[in-house]
Amino acid sequence: MSYQVLARKCRPQTFAEVIGQEHVTRTLSNAISRGRIAHAYLFAGERGVGKTSIARILAKALNCRSASGPVPEPCGTCDACMEITQGTSMDVHEIDGASNNGVENVRELSENARYMPVRDRYKIYIIDEVHMLSKGAFNALLKTLEEPPEHVLFMFATTEPRNLPDTILSRCIRFDFRRIAAQAIIDHLESIAAGEDVEISRSALGLIARESGGSMRDAQTLLERSIAYCGTPVQDQDLREMLGHIDRGLLYGVLEPLLAGDAPACIAALSGGCENGVEPEQYYFSLLEMLRDMLLLQNAGSPEKVMDLAEDDLERLKVLAGQISAEELLRCFRIFFNAEMDITRSSCPRIALELCLLEMITLKQALPLADVLGRVEALAANRPRPTGPESSTRPVRAPAAGASNAQTRPAESISPPSAPEPIASGQAGDAPDFVEFVRGKKYFQAVAHLQQGELKLDGDRLRIMVQQKSFHADWLGESSAQARLGELATEFYGRPVKIEVEATLKKKSPEEGRATQRREAERSALHNPVVQRVVETFQGKVVEVKTDREPA
Ligand SMILES: [Zn+2]
């Protein structure tokens with residue numbers, strides 16, 4: 001027997017042998033059992049998913065001579081079945097719509113259709129790529145479809161059902177074919193390989209399945225090519241080479257530092273790969289696929305079932321997927337996915353790719369929204385924040401040179417603001433801090449008066465200078481006030497401090513008064529415990545203090 005290509009040799013001969021289109025085969029088989037046979041069928045779907053195979057099986061089932069009428073599953077051994085399989089049947093005509101698309105072709109077909117079948121029950125026309133027919137050809141076909149002779153049956157196959165006129169579509173029973181699931185393709189290829197005595201791993205078959213994009217015919221053709229190219233056993237690495245895939249190690253070399261936020265290592269790995277002949281576009285599509293696999297690992301119930309990766313590869317990706325939060329990963333994926341045009345259409349694709357990777361690293365370093373909200377909540381509840389930057393699933397590592405170290409700073413708990421550290425920030429003896437301390441002690445009356453004066457720490461004396469003959473001078477002059485302030489000052493400075501009130505200041509001009517009040521307002525805002533905690537929590541800084549209205 002002469003050599004047959006795998007795709008032909010393995011073509012399904014019965015409905016039961018068809019893979020991945022059960023919704024079609026079951027319906028057709030049941031319809032035949034019930035005697036419900038239409039005059040026109042439309043099989044729509046991607047190439048290589050079984051449209052013409054099913055059309056032939058249906059033709060056999062309708063004309064099979066193993067029974068007195070159509071059968072739900074053809075016998076495969078009678079004259080009619082054998083002839084259809086071999087393409088020699090006098091009553092089943094396969095026509096390529098692409099090369100017979102003129103009106104005269106269809107007229108001839110319609111003319112012939114009027115004659116009775118030579119031997120079998122039906123005269124069957126299988127028209128492949130039917131969307132390629134011209135407008136005139138469709139019109140001619142429509143006449144036959146409107147009043148088809150009893151013995152005539154049409155089966156149309158198309159990858160572009162949208163290009164068919166509605167008048168044709170409305171006269172057909174339509175079946176939409178699915179892309180075949182990777183797992184089904186792998187299983188089928190495995191049994192073919194076993195039958196051919198070829199040794200090939202399931203991960204290699206997974207590569208083929210992925211490459212075939214759900215087309216069984218393409219998968220079979222690739223399997224055949226890989227056997228020819230690699231010999232047996234088919235090594236994964238050889239297969240990758242044949243398919244033009246990048247070595248997985250090179251891909252991890254870029255992906256791992258990318259996810260860890262290590263920009264220099266990421267760009268260095270990319271450069272290394274590019275210098276070794278990997279195209280930036282290849283990097284792009286392969287990395288995109290890996291990010292998509294990680295999304296699946298995070299989100300699919302049992303991702304192993306929908307993925308076609310080798311086990312060690314799967315494990316390595318799982319580790320990476322566990323190190324990044326879902327939100328971050330989605331953000332990275334979105335940036336990368338949207339960059340396709342920038343990278344594939346750029347005249348400098350490598351630079352475009354580098355730019356995109358750096359953008360991902362930078363944006364990844366922004367605090368996740370959940371973290372921010374968690375901290376705000378902690379703040380509102382006035383309790384130590386529950387989540388430090390490391391508590392997300394981000395890997396803990398030393399920050400890259402030049403990278404923001406905001407993420408890796410240890411978490412600091414928020415302590416209640418009762419005792420600001422005395423004399424902080426190098427302002428030794430800065431008396432206004434004392435005013436805030438007094439405010440913290442809820443001695444508000446004193447604060448109001450102290451704010452109108454000038455304070456100066458002088459050895460063990462705290463001098464409070466106020467305006468001559470003013471209400472403030474009177475109030476602060478009271479011994480009880482001075483005693484209480486003395487106690488607070490002693491506590492604040494950590495040593496005995498005496499209060500001295502000097503009514504020496506001249507009356508201020510209105511401008512001076514406003515300026516003082518403004519300074520006080522700013523100081524008060526900066527010392528406000530809520531403001532301090534916001535600054536600390538978000539590791540930010542106060543740029544400007546704005547007052548709602550000018551102090552009177
Ligand atoms: Zn038969």
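This is a predicted model: local features need pLDDT of at least 70, side-chain atom pairs count only at pLDDT 80 or more; totals for chains, interfaces and linings use all residues.

**Overall fold**

I started with contacts, counting two residues as in contact if their C-beta atoms, placed from the backbone, lie within 7 Å. Among contacts in the protein between residues at least 6 apart in sequence, 70% join residues at least 24 apart.

Residues are numbered from 1 along each chain as its sequence is written.

Next I looked up the secondary structure and found 26 helices and eight strands. These are DSSP runs numbered from the N terminus (helices are H or I, at least four residues; strands are E, at least two). Of the 552 residues, 31% count as buried. Buried is 20 or more other C-beta atoms within 10 Å of a residue's own, exposed is 12 or fewer, and partly exposed is in between, with C-beta atoms placed from the backbone.

**Cores**

A nonpolar core here is a set of buried Ala, Val, Leu, Ile, Met, Phe, Trp, Tyr and Cys residues joined through C-beta atoms within 7 Å. The largest has 67 residues, and Phe 43, Leu 58, Met 155, Phe 156, Leu 189 and Ile 208 touch the most other members. Helix α3 (residues 51-63) gives the largest share of this core, seven residues. Where does this core lie? It lies between domain 1 (6-176) and domain 2 (182-243), because both give residues to it. The domain bounds come from an automatic or database domain assignment.

I checked Met 155: leaving aside neighbours within four places in sequence, it is in contact with Tyr 41, Phe 43, Ala 55, Leu 58, Ile 124 and Ile 126.

**Helix pairs**

For angles I used axes fitted as lines to C-alpha atoms, for helices over the stretch in contact, with angles from 0 to 180 degrees between N-to-C directions. Under 35 degrees counts as roughly parallel, over 145 as roughly antiparallel, 65 to 115 as roughly perpendicular and the rest as oblique.

The axes of α12 (residues 248-260) and α14 (residues 280-299) come within 10 Å and cross at roughly 65°, so I logged the pair as roughly perpendicular. Leu 251, Val 254 and Leu 255 of α12 meet Tyr 283, Ser 286, Leu 287 and Met 290 of α14.

I then looked at α8 (residues 182-195) and α9 (residues 202-212), which pack at about 125° with axes 9 Å apart. That pair is therefore oblique. Among the residues making the contact are Leu 189 of α8 and Ile 208 of α9.
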